[in-house]
Amino acid sequence: MMDFDKLFVTRDWFGKPVRRNEDVKFVKGEATYVDDIDMNCAHVAFLRSIFAHARLKKIDTSRAEALKGVLAVITGPEVAEVTKPLPARAITRPARQYVMATGKVRYQGEPIAAVVAEDRYIAEDALELIDVEYEPLQPVMRIEDALKPDAPLLFEEAGSNTLLDDTMEHGDYEKACREADMVLKETFRVHRYSSTPLENWAIIARHDKGTDSFTVWANDQQPGRSMTTVCGTLQIPTHNLRLIVPESGGGFGIKLAIWPYIVILCLLSRKVDKPIKWIQTRREHLLGGTHAPDGIVEIEMPVKKDGTFLGLSVKDYQNDGSFIHTAGIYGLIKFATMVGQYTIKATRMEVLSIATNKGPTVQNRGVGKPTMTFALERMVDIAAKKLGIDPAEIRFRNFVKPEQMPYTTPSGEIYESGDYPECLRKGLALGEYDQCKKQQAELRKQGRYIGVGISTGVEPGTSNLGYYYTSSGVPEYMGSGEGAIVGVDYDGNINVMIGSVDTGQGHATVIGQVISDMLGITPDRVRVDNTLDSFISPYIGHSGCYSNKFNDVDLGAVIKATEKVRARIFTLAAHMLKADVSNLKLGDGHVHVTNDSGKKVSFKDIAALAYKKITLLPEGMEPGLKEIAYYRNPYAKLPNKQNFNVQLTHSNSCHVVTVEVDIETGFVKFLKYVIIHDCGNQINPAIVEGMAIGSTVHGLGATFLEEFVYDDNGQLLTTTFMDYLKPVAATVPHFEMGHHYSPCPTSLLGSKSAGEGGAIGSLAAVANAVEDALSPFDVKVTSLPLTPEKVVKAIKETKVI
Amino acid sequence: MIPSKFDYYSPATLQEALSLLSEYGDDAKVLAGGQSLVSLLKLRLASPRCLVDLGSIGNLSYIHEDGADNLLIGAMTRYAEIAESKLIAEKCPLLRQTALVVGDVQVRNRGTLGGSLAHADPAGDMPAAILALKADLKATGPKRDRWIKSEDFFLGMYATALEANEILTEVRVPVLNDRQSAYLKAARRPSDFAMVGIAVCLKRAKNGTCEDVGLGVTGITDKPYRPQHVEAKLRGQKLDPAAIGAVAQSITEGIDVNGNIHASPEFRAHLAGVYLSRAIQAAIGS
Ligand SMILES: Cc1cc2nc3c(=O)[nH]c(=O)nc-3n(C[C@H](O)[C@H](O)[C@H](O)COP(=O)(O)OP(=O)(O)OC[C@H]3O[C@@H](n4cnc5c(N)ncnc54)[C@H](O)[C@@H]3O)c2cc1C
């Protein structure tokens, strides 16, 4: 963390709930998204597999090509001829897959062919004229089915549907079991859900014949990586792709997986003389616009009678569907913080990535931590019940204590900061834990069932991407960083470009706050262009918007670039004011001479010297007033199985929830919802609060409503928002928020993650509350979502949800 | 929205609309509020050759009394208009209560009473209320009008007694005077289609027993229905929780209960009983 007295010249903006300055254009519909870019495009539509698993015998596109208005058609086999297969990252078994289906289809909705036509209507009509001969194969949908010895294989070359099976052990787990008074065991299941950003995937691709190069506009969330994956797949040098990311209407991880479609659009654009556009429909998005995987988590926890958790063993089965680029990643991320907020000394984790005929998966908000936290925090409640210890008390007994920070987990993750007991104390107070428990006893006598649930969770940020390759070998990417350009323009105002791409977080506002306090100006003088243009913007292999890295490395790059600009401002001002730099200070958009009241020069005049009156510049000094800087978090280590420090900041939160269950209908009502969040220094508390609430609502969606349901034939039954149910305002409780502030020593501003905490902690909190409410019926919650039907059935007969 | 190609007509009179229907036959679809039809067009689940928009026909949206203790409601009257109408709030609050729980604000601003009945969604809310009210529906054909009883109107999944060349133009509901009513629906979210919806329209004798009752049930089977056997059982009964509970489960007797991902047949049948009890109690409390 930096010395703020040196970093800032004012403290007017940092830490204040500054209103987001980008919102007006978004709510007025004045932002420019990919679909708003009007360049007389032809339009693309995709033919998608109607089967979940089938061999592709024949694709005949002749009738489609003959349709008036159709400009070109491309098929999977044609694409495979000219592209490299998808690069796998985490899995260890060989599996070959291309950006389009070839040979066979592996999920309902997998693209088989694509049509470019004068308009989208014709393109869609043409799809109906493509004749595909399928040989249906038995679909493999559930993990249990995929593991059967005679299960059909998704990838024959892998010899198994288990594409990754790796075990990592830290500390002496066997000893923990020997010393334990009991070893608790439970199996949890988390279903498939996702995020559904308002704006689906969108791409425009234009081919320039003269240079055989491509310009692409796409709402890509990780353009730094896409540059190399797209070019690698197309086998073209990276300078032949200019990737531009305009405004983006939400991401949540989902837009990390758009790049295979960029590849397809590039190939198609080569066939026609026009730019081409593809706007994904909601149905396409729900079918194959990527999900978070469903999974099974088998947990074993050796405990002492006094409630001490001695060890934790997890066997994690991840139904990764059929996208080898991401397969395996969720398990490794879960592993990194598997011990949660507890001083568990011995761990064992077996990570299994299972290929099935479900749709592709990609990193979705919280990536695995929601599932891991659900399982762990449920397990903690189960242990509390078994041992007759209050759920809050058992957590206090096992927490990592603030005086233990920085705390290294058995596998090597370093929790650099946090005060877990204090957050829970605050949560219990605000959540009126004791009163609710008393009320519970009273209401039960009247036949009303309320319950209180607690969940605590770690919310890591700034991930070292290299750990995806932990099992598979040499990392292609490692560390975490970002680039930024900060410049003073002619009028003395500030322009900023950055390698990350805002997907709704309010980056521009926050950057404006930080720069304003660094330069002594007001945020209205800072303009941030969130567009990324690979020919202009600074970016690195990690550039993008994910992993809660903005507050750390993205702002790090902004700070470093602003420091360079500030130094230049001082040098130029010293020349203009004929003073020594050490006698200068910033304020009100001017450089002032200290001890000599009145003598000052404005940014505008400094800019005039730098850009226009360059003859007056001191000898040897270059003109211009714009600086580029890259920043990497210096604490990142090489990924290594023995020392698995993969995330560099760790926020934490605790949720304390009171619910009432209608035992006749199974509906659950919130009576109280408390979130205590600690993300260190808050640069903009209003944005932090919005993030904490938004991510909690995401978690509540997963807990009650959102689920991708497949039938036995592999047909997805939830392809519209009538069936894939998002939370709506009326289903959302009133949130009471409390904060704690443990500044992060490893980020420049002492800030930490804020975007995922609620999505991580809420599932278990609600599940714990519902189980508590239903304790007179002996109901145990081991799976989600908590649908009314499952709740009633458990009360009446099954006793398990 | 990327539908298949269609011709679009916006006739100014009912006569013109009817002749278009006669001309195109099964290839034509009437467009009212579009809240069901447009979704079908979007997903290409319906690809009619021709759409006949009723929106420009001026005189299909109204709510007034007929002087014989009935309200007459034009088929193009929107949910929002029903929900906001003072006349309906006073004379037939069941319709207001039902309209208020259909979908969300946008759907209620566009969706029409006629559209919701003609569409005959097996989980539509308005059909349940119309059945409980024992309303009558006016079908206008090229030659004549005819009145159809609500209990004869719904034939099956999205199927009604309307002919392809007929337009539903008016709904006649009784003024409720001495009756009590309620519509309750179980839905995953407030804006969702009903897993179960129960409409009750109840007349109680001075001693509190049930003198007459009309029930409408939706979300259970391929069409909204009126469980006349339950109505018969309730007539003359004391309406205490035990008595209601005793008949409640028979609401799905002899009915082929549907299931989907939101609720299995067993759960729907269970909910139907619970909601019948709750709806009757809500009506009594209204
Ligand atoms: C997000 C969403 C949520 C919804 N939630 C609910 C809900 O909770 N409960 C519920 O009941 N409904 C719900 N609906 C459906 C809604 O009620 C529709 O408005 C209604 O079913 C159709 O009415 P419409 O006027 O929009 O008809 P349209 O969609 O225009 O037409 C529907 C069908 O009826 C035919 N039709 C329409 N008017 C006439 C007429 N006068 N004569 C003959 N045929 C006609 C059309 O040809 C078409 O086949 C929802 C819809 C949406 C989009």
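Tutor: Take the lining of the second largest pocket: it has 16 nonpolar, nine polar and 17 charged residues. Here Ala, Val, Leu, Ile, Met, Phe, Trp, Tyr, Cys and Pro count as nonpolar, Asp, Glu, Lys and Arg as charged, and the others, Gly among them, as polar. Note that this is a predicted model: local features need pLDDT of at least 70, side-chain atom pairs count only at pLDDT 80 or more, and totals for chains, interfaces and linings use all residues. Residues are numbered from 1 along each chain as its sequence is written, chains are lettered from A and ligands numbered from 1 in the order in which they are written, and side-chain values use heavy atoms, with hydrogens and water left out.

Student: Which residues lie nearest the centre of the second largest pocket?

Tutor: First, the general idea. Rolling a probe the size of a water molecule over the atoms shows where empty space is left. On a 1 Å grid over the protein atoms alone, a pocket is an open set of points where a 1.4 Å probe fits, with protein on both sides within 12 Å along at least five of seven lines; lining residues have an atom within 4 Å of a point. Now the case: Arg142(A), Asp294(A), Lys358(A), Glu707(A) and Tyr710(A) lie nearest the centre, out of 42 lining residues.

Student: How much space lies in the second largest pocket?

Tutor: About 1000 Å³. A volume is the space filled by probe spheres set on the points, which are joined across faces, edges and corners.

Student: And the ligand: which residues come nearest?

Tutor: A residue is near a molecule if one of its heavy atoms lies within 4 Å of it. There are 30 residues around the ligand, and Val30(B), Gly34(B), Tyr79(B), Thr112(B) and Asp125(B) come nearest. By class, 14 are nonpolar, twelve polar and four charged.

Student: Which polar side-chain atom lies 2.6 Å from an oxygen atom of the ligand?

Tutor: One of Tyr79(B). A polar contact is a pair of N or O atoms within 3.5 Å; within protein, one must be able to donate a hydrogen and the other to accept it, and residues adjacent in sequence count only if both atoms are side-chain atoms. In Lys185(B), a side-chain N or O atom is 2.9 Å from a ligand oxygen. For Ala32(B), a backbone N or O atom lies 2.8 Å from an oxygen of the ligand.
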